[in-house]
Amino acid sequence: MEKACLVPASEPKAGQFCQHHPSDAVKFLCRTCNTLVCRTCVAHEAHRSHKYVSIVNASAKERQTIEDNLRITKQKLSGLRGSIFWVNDMKSQVEARALEAEKEIDSFISQNIATLERKRAQLKKDVALLREKKVQQLTHQKETLKLVLEQIASGVNYTEQVLREITDVEVITMKGQFLGLLEFDQVGLQWEPCRTSNFSIEVDRSLAVDTIVDKMAHISDNDIQTGDQYFLTMLGSNSDAIFTARCQQSSFFVIMAMDAHSRVNKVGVNLVDVEITPPENKGPQKITMGSKDDQYTFSYFPDVQGTHLIQVSVAGQKITKEPICWKVDPAVYILDTQRTFLSPEVFEKEEESLTGCWFKHGWHSWQVRILAPDKMRRPPVSLAFEFGVTDGNRTWHWNDGRKYYPNSPALVSTMGNWQCGDILLFYLDLDFKQLVVYNQRSNEMDTWNGISVPIRPYINPQSAEYFGVK
């Protein structure tokens, strides 16, 4: 028999006395019978040989169960609100695309005025019917989601308020009521709107207009039932590869959605849940989701090297069956060419020189911060303000608004807006022999192709003091 923890309980209220001994307050929960009993029941009656625990301990467990469900429901509310915004936005897109479709129809029919006036009216009617159908569906879906949101939010508010006021016994007896209020039927809800607002005008111009005008064009609903395809990419890269990163440098990620027409859009972080697990199974880590200036990017600061696991969900659905493997290499420093020996802290941190890292294959990324000079306050003497990659003999680099290839004249760079404090993100794709450099502040980037291997990062020694990696 379990030993009861005789913790003092609050003064009993009416209805909290033993049903067999009305003068005695209930003190224990009989686990065998799932019944509230008093001391007399435990000591002398049929419950004596049963397992029982104090009401305080039993209440704590049940309270934890309710609070866990409350926390989960709150998380789902966030996704539900996002779905309502999503549905409303898609409704506007459907309306806008319907207007565009009518303009396309006008342009097509105008080429065949005499014969195709009847077809014009019929096609516009089809558009109106399909628009009405889709708008009605989206309006109904929006109202349904709002109704569910109000009901669940009301249940959450009620549960939170009551939990602060009720006794331990009431927690146990009202558990079913609370869980019913917090019950969330995900299967019965349609969280996402129709996947596309497109109305396509399909035309077969090889057919004779006069004889088969009714077959020339029709309105079709291109709603994609299978859903968008989501993938994870790194901010500023021009591929969906997950590049190897460096310890002590924040990495920035973006979730992209591709529809059946290969149109790609960013996914707002309000719809995204991310878990990143470092090596040695230390558990999920802190992730920074967006900012006031960018609601599409999340970042993570790795402090250990090794393979990290990334699991991403959009609107509650995982975008990959298995977590994405992401490799993090040791931290780096920028070599100070004026020093003969490295400082002791470099050896203590076991860091590598950025410009001493040679790469032969794979995808690699690193960051460099511009420490000086400020573009608005340039020194009177021109500086070798250069960075890029080199194979030891040739360099592919950037210098003050110009890009350079080996043995070639300078080209105007698409990355010209820079200043002190900018963070430059480097992505080296050795499958395609390509380097991409992205300025996180200005959102400008430039690309070098035809990179040879082996290759390593390059910073002109005369300008090493103007860059940092932290």
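Trainee: What is the mean pLDDT of the protein, and how many of its residues reach 70 or more?

Mentor: The mean pLDDT, which is the predictor's confidence in each residue on a scale from 0 to 100, is 78 for the protein, and 78% of its residues reach 70 or more. This is a predicted model, in which local features need pLDDT of at least 70 and side-chain atom pairs count only at pLDDT 80 or more, while totals for chains, interfaces and linings use all residues. Residues are numbered from 1 along each chain as its sequence is written, and side-chain values use heavy atoms, with hydrogens and water left out.

Trainee: Where is confidence lowest, and where is it highest?

Mentor: Confidence is lowest in helix H6 (residues 344-349), with a mean of 40, and highest in strand S24, at 94. Helices (H or I, at least four residues) and strands (E, at least two) are DSSP runs numbered from the N terminus. Over residues 336-349 the pLDDT is below 50, and this stretch has 6 contacts in the model beyond near neighbours in sequence, a contact being heavy atoms within 4.5 Å. Where pLDDT is low, the predicted coordinates should not be read in detail.

Trainee: OK, and which strands make up the open sheet that S24 sits in?

Mentor: The sheet has 5 strands in the order S25-S24-S23-S18-S27, and their pairing is antiparallel; two strands pair if DSSP finds at least two bridges between them. Strand S25 (445-449) and strand S27 (467-468) stand at the edges with a single partner strand each, so one side of each has no neighbour in the sheet.

Trainee: What does S23 pair with, and over how many bridges?

Mentor: Strand S23 (residues 423-429) pairs in the antiparallel sense with strand S24 (residues 434-439) over 6 bridges, and also with strand S18 (residues 363-370) over 7 bridges. On the S24 side, Leu 424 has Asn 439 as its bridge partner and Leu 428 has Leu 435, whereas Trp 366 is bridged to Phe 426 in S23. S23 and S24 form a hairpin with 4 residues between them, and Lys 433 in the turn has a positive phi of about 55 degrees.

Trainee: Is S23 covered on one face or on both faces?

Mentor: Both faces of S23 are covered, with Ile 423, Leu 425, Tyr 427 and Asp 429 buried on one side and Leu 424, Phe 426 and Leu 428 buried on the other. Buried means under 20% relative accessible area, exposed means over 50%, and partly exposed lies in between (1.4 Å probe, protein chains only). Across the protein, 47% of the 470 residues count as buried.

Trainee: Switching to Asp 422, where is its place, and is it buried or exposed?

Mentor: Asp 422 lies in the loop between strand S22 (411-412) and S23, and is buried, with a relative accessible area of 2%.

Trainee: Then what does the side chain of Asp 422 make a polar contact with?

Mentor: The side chain of Asp 422 makes a polar contact of 2.9 Å with the side chain of Asn 439, and a polar atom of the Asp 422 side chain also lies 2.9 Å from the backbone nitrogen of Gln 419. A polar contact is a pair of N or O atoms within 3.5 Å; within protein, one must be able to donate a hydrogen and the other to accept it, and residues adjacent in sequence count only if both atoms are side-chain atoms. Leaving aside neighbours within four places in sequence, the residues in contact with Asp 422 include Val 368, Arg 369 and Ile 370.
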